[in-house]
Amino acid sequence: DFLPLKRLRLQWSNGNHLISSLTVASAFLELQEEIQKATGVQPARQRIKTGFPLKCLSGDVLKPLWALGVDSGDRLIVEEADDDFKIGESSKSRDTKSSQKVDRVESRIKRKIIDADNSCLFGSISFVLEGYTLSRTAELRSLAADR
């Protein structure tokens, strides 16, 4: 018998949730089902990120959580993916699409998707100060880290 994971901290746009019903031998699909119960997001539309730097969890839905590197205490960030998201799509190709996506321009307000990659604050500041570009994100983050 496998011991249950003590906890997985789930974070999404509408809140947080603690998952404590899974074991390290639970399948990825079971995690997706628990996430659906908490968030209402269907497994096929879940984009689950974990680690530092953040990486998308993907793989065979029958693969155990330990094989995906999921451990007790991990924070999982869940986003609802666009219709064109495919499970197993590399996070790099997805992040490139996301960072280039501008939803609309209205009057003087411009909305841009900033990825939740632990640099989102610096990306947002760069976007506003540098005229709608993310070019100084790394520089701003480094500046804050050096202080």
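Which exposed residues does the face of α3 turned away from its buried side carry? They are Leu121, Val128 and Leu129, where exposed means over 50% relative accessible area, buried under 20% and partly exposed in between, with a 1.4 Å probe and protein chains only.

This is a predicted model, in which local features need pLDDT of at least 70 and side-chain atom pairs count only at pLDDT 80 or more, while totals for chains, interfaces and linings use all residues. Residues are numbered from 1 along each chain as its sequence is written, and side-chain values use heavy atoms, with hydrogens and water left out.

**Helices**

Helices (H or I, at least four residues) and strands (E, at least two) are DSSP runs, numbered from the N terminus. Helix α3 spans residues 120-129, and its buried residues are Phe122, Gly123, Ser126 and Phe127. Seen down the axis of α3, these fall within an arc of 140 degrees, so they line one face of the helix. The arc is that of the directions from the helix axis to the C-beta atoms. After α3 comes Gly131, with a positive phi near 75 degrees.

Helix α1 covers residues 28-39, which makes 12 residues, and reaches 16 Å from its first C-alpha to its last, close to the 16 Å expected at 1.5 Å a residue. The expected span is 1.5 Å times one less than the number of residues. Phe28, Leu31, Gln32, Glu34, Ile35 and Thr39 are buried in α1. Their arc around the axis is only 160 degrees, which puts them on the same side of α1. These buried residues pack against β1 (8-12), β2 (15-19), β3 (46-50) and β5 (75-80). Gly40 follows α1 and has a positive phi, near 85 degrees.

**Sheet**

Five strands form an open sheet in the order β2-β1-β5-β3-β4, with mixed pairing. Its edge strands, β2 and β4 (55-56), each pair on one side only. Two strands pair if DSSP finds at least two bridges between them. β1 pairs with β5 in the parallel sense over three bridges, and Ile77 in β5 is the bridge partner of Gln11. With β2, β1 pairs in the antiparallel sense over five bridges; here His17 in β2 is the bridge partner of Leu10. A hairpin of two residues joins β1 to β2.

**Core**

A nonpolar core is a set of buried Ala, Val, Leu, Ile, Met, Phe, Trp, Tyr and Cys residues joined through side-chain atoms within 4.5 Å. The largest one has 16 residues, and Leu8, Leu31 and Leu57 have the most contacts inside it. β1, α1 and β5 are the elements that give two or more residues to this core. Apart from neighbours within four places in sequence, Leu31 is in contact (heavy atoms within 4.5 Å) with Leu8, Ile19, Leu22, Leu57, Leu65 and Leu76.

**Salt bridges**

The structure holds four salt bridges, each a side-chain nitrogen of Lys or Arg within 4 Å of a carboxyl oxygen of Asp or Glu. The table includes three of them.

| Pair | N to O distance |
|---|---|
| Arg45 and Glu80 | 3.1 Å |
| Arg47 and Glu79 | 3.2 Å |
| Arg136 and Glu139 | 3.1 Å |

Arg45 lies in the loop between α1 and β3 and Glu80 in strand β5, 35 residues apart. Arg47 in strand β3 and Glu79 in strand β5 are 32 residues apart. Arg45 is partly exposed, at 27% relative accessible area, whereas Arg47 is buried, at 3%. Arg136 counts as partly exposed at 29%, and Glu139 is partly exposed at 46%.
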